[in-house]
Each structure stands twice: as C-alpha cells, then as structure tokens.
Amino acid sequence: GYLRERGGPLGPADPRSATERCLAASGWVHLGEWTLASAAPAAGEASLLEHFRRAAELDPASCAAWHNLAMVHFDHVRCTCWRSEDELGEHHRHHPDPGATDTEERVVAALECLFRCISLRPSSSPTGHTQQDILTLLTLAFEHGETEGAAAALSRGLADTPAETWLAVVPQVIARLGSESERVRTFVLSLLSTLAERHPQGLVYPLTVAATSPLRAQATGAAHVLAHLRRGRDVLVEQAQLVAAELVRASCLWSEAWIDGLETASKAFYTEGDDAGCVRALLPLHEALERGAQTPAEGAFVREFGGALDAARAELRQWQESGERAHLHSAWALYMGLFRAVSPRQAALTSLDLASVSPRLLGATALELAVPGTYEPQAPLVTISGFRPRLSVIASKQRPRRVMLAGDDGREYSFLLKGREDLRQDERVM
C-alpha cells in the first residue's frame, strides 16, 4: 500500500520529502529482491527492471538500486550470449542474431549502472560489494568491450570514476593486455596508464613483472605503460626492475634450474622418445650459461660444471646437425654427473647468503620503491630500507624462500618467493 501511495514516479513538483523518497526507494529495492528470490529471473525480468528503476529514480544515491539494476541487465546478457555453439546451431553461426542490438544496449545499461554504483561507494574503503561490482564490470568490458556502445560507456565511466577504485583488480586488468580486441586493449592501456600516472607505487611492480611475460602482447603492453611511467619516475622503474629480477634470481639458483630442466628433458627423452622436446627443455639452460655468471653462486656453478656442460652443449649441436641419437646419449652421460652431484646438496639446503646469490639485492638500500603489497593510497608510504642478508629455504617440493626486508617505518616484512612455480601467477612474484 505504501508503495502505491508514496512510491510512484517523480513529478515536476514532487511533494514528497527526501526521507519519504528514500523510504519508498528502499521499498522498491526490497520488493525487487523478494521478486528475484521467489520467481524465475526470466519470468520476472520486466517486474525487476521496473522495481529497481523506480528505486534508482526516487533515490539516485542508492547503491542497492543501481547494483540490482545492473545485475538484471548483466544476467540478461549472460543468458543471451554465454550459450555454446552447439546450443546456437548451424543457422545462428551463419546469420546475424536479431537480438544483438538489444544485447549491446543491455551491456551499455549494465556498465552505466555499475559505474554509477561504484562511484557512490567510497573508494578509500572498498567493500566486498564494491569488489563484486568492479569484477562484474570488468567481465562485461573484456567480453563485450569491442562494441562501439560499450567502448563509449567504458570511456565515460573511467573519466568519472576515482583511479584508486581499480587498484584492487590490477592483476586482472594486466592479464587482458593481450586481448584480441583492439577496443579492449585500448581500454586496458588507458586504465593502466591512468593508474600508473596517479599511483606509480601501486603499478610499477606488477607492470615490471608483466613486462617479462612470455606472452608477447602482454609484455609489449606492460612495457608501453612502463615507458610512459619512466618519464617522471625513471629511478622508481629502475629500482623495481632490479628488485624483480634479483628476487627471481634468488628464488631459483642455476643448480635448481638445471635439476628441474633435466627432469623435464629426461621424461621427454627416455619416456616419450621425444628428442626434439628434450633439446627444447635444455637449450634455455645452456643459453643462460653462455650469457655468463653474474653472482658468486653462479660463478661457483660454472667453475664446477661449466666444462662438462660445454661438452654436453657440443653434443646437442652435433645432434642438431646430424639427427643421430648417439650424440644425445653422450650428452646425457655428462648431464647425469651434474644431477648426481647437485641433488643431495639441494635436499640439504636450508638457507642462502644473499651476498652469494644476489649481491645487487643486498646492496639495494634506501629505495624509493614501496614494500611490495603495502601500498595504500590513503596511508603513509612505506619504502624499502634494505634486505636481510640471509634467505631461509623452506623444506617442500618447490623449496620456496622466505626473504626478510626492512621498511623505512622501522618494521620488518616477510615474503615468500615461489621461484620454481610460475612467477607470473602473482603480480608481486611473492
């Protein structure tokens, strides 16, 4: 009864007070949520749209109204577009979908509602609801951002949304630098460039890691944003690159890399009979060796095993020229000597001296670079004062390291380096 009396559309000279309008808007939201919970979404979509639109009109500051309205549009898009090709059938593969225009309109409507909802919530203290809205928006952007209407909505929304809103989803955004859609790549580059300009400490480290990605498009995009960031923050970028590279170096010694590579190559050679796969697994290790040792630990490895590995590399070259498997057998006789010597030492390893495995990291003091994972736009910046001289090696299959560093706030910070896994799965490599 109250909604019939006080919840109608706004008129040119509406007599209702702000409190009455907010109360009516809340009623429409609750009615929509009740409808959503008690009926099939497709059957009640028109009612849901009406309920949540009324709520947003009566109270434009209602996050709940805009969120629910966005989700009705999003669910419509998902149900329409996320069907498999088998369900669509042969006819739909070769003929335009008459509902495509409607779908684009619903994508644009969902984006506009999500941007409105995100802008109403305080970016300085994001909630779980904010995170959900941002991730839903990114899903729409990445799946449908190639359309003209969606691209325009994204451009307008970015201009009106605080940059710090996106800091929590930087890894997801960076992952889309390799999108096949030019408009999606443009959106991602624009967003990352804006973030890097306004929050360089929050972007420099994940961008530095992404710039080393084996995915060419992602690496190129990250390098492009880093080049833009360098214009006024060259020292910061240099420090991030040094720290990232040296943490990777310390997280996996040459001896460990060779053990892993030999296990992979051995499976290819002896189990699968894949000679080419065996050689592919070994060549990057030899190439690193040929670039030369850069630390005392690498120098010691070269002194002990360099001669045998050079001889094994010569056998690989002979195989590449002749294809005779005997050369690979000769190489494996040399590789097994390294494997038998290194394996017991690796199992007994409990700590490492940073002076041996990464003297450059030990010498990195009083940096401009923030302690990874501590950057908050509204909080005092905590930068790296230095790294502790010993790394602990944790006894597990992957043998991760625990590194300790000091912040300029006087506190110590502990991080786990997982160097023998895919370092790029985590935007901090830690």
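Reply: Axes here are lines fitted to C-alpha atoms, for helices over the stretch in contact, and the angle between them runs from 0 to 180 degrees between N-to-C directions. In this predicted model, helix H14, which spans residues 275-291, packs with helix H16, residues 325-348, at an angle of about 45°, and their axes lie 12 Å apart. That angle makes H14 oblique to H16, and the crossing of the two helices is left-handed. On the H14 side the contact is formed by Asp275, Cys278, Val279, Leu282 and His286, which meet Arg325, Leu328, Trp332 and Tyr335 of H16.

Turning to the glutamine, residue 239 is located in helix H12, residues 216-251. Because its relative accessibility is 16%, and buried means under 20%, glutamine 239 counts as buried. Leaving aside residues up to four places away in sequence, glutamine 239 touches Leu367, Glu368 and Leu369.

As for the cysteines, the structure holds zero disulfides. Cysteine 113 is accordingly in no disulfide, and the nearest cysteine sulfur, which belongs to cysteine 117, is 9.0 Å away. With a relative accessibility of 6%, cysteine 113 counts as buried, whereas cysteine 79, at 57%, counts as exposed.

Conventions: Residues numbered from 1 in each chain as written. Predicted model: local features only at pLDDT ≥ 70, side-chain atom pairs only at ≥ 80, totals over all residues. Heavy atoms only, no water. Helix = DSSP H or I, 4+ residues; strand = E, 2+ residues; numbered from the N terminus. Parallel < 35°, antiparallel > 145°, perpendicular 65-115°, else oblique. Left-handed = near helix turned anticlockwise from the far one by under 90°. Contact = heavy atoms within 4.5 Å. Buried < 20%, exposed > 50% of the residue type's maximum accessible area, 1.4 Å probe, protein only. Disulfide = S-S within 2.5 Å.
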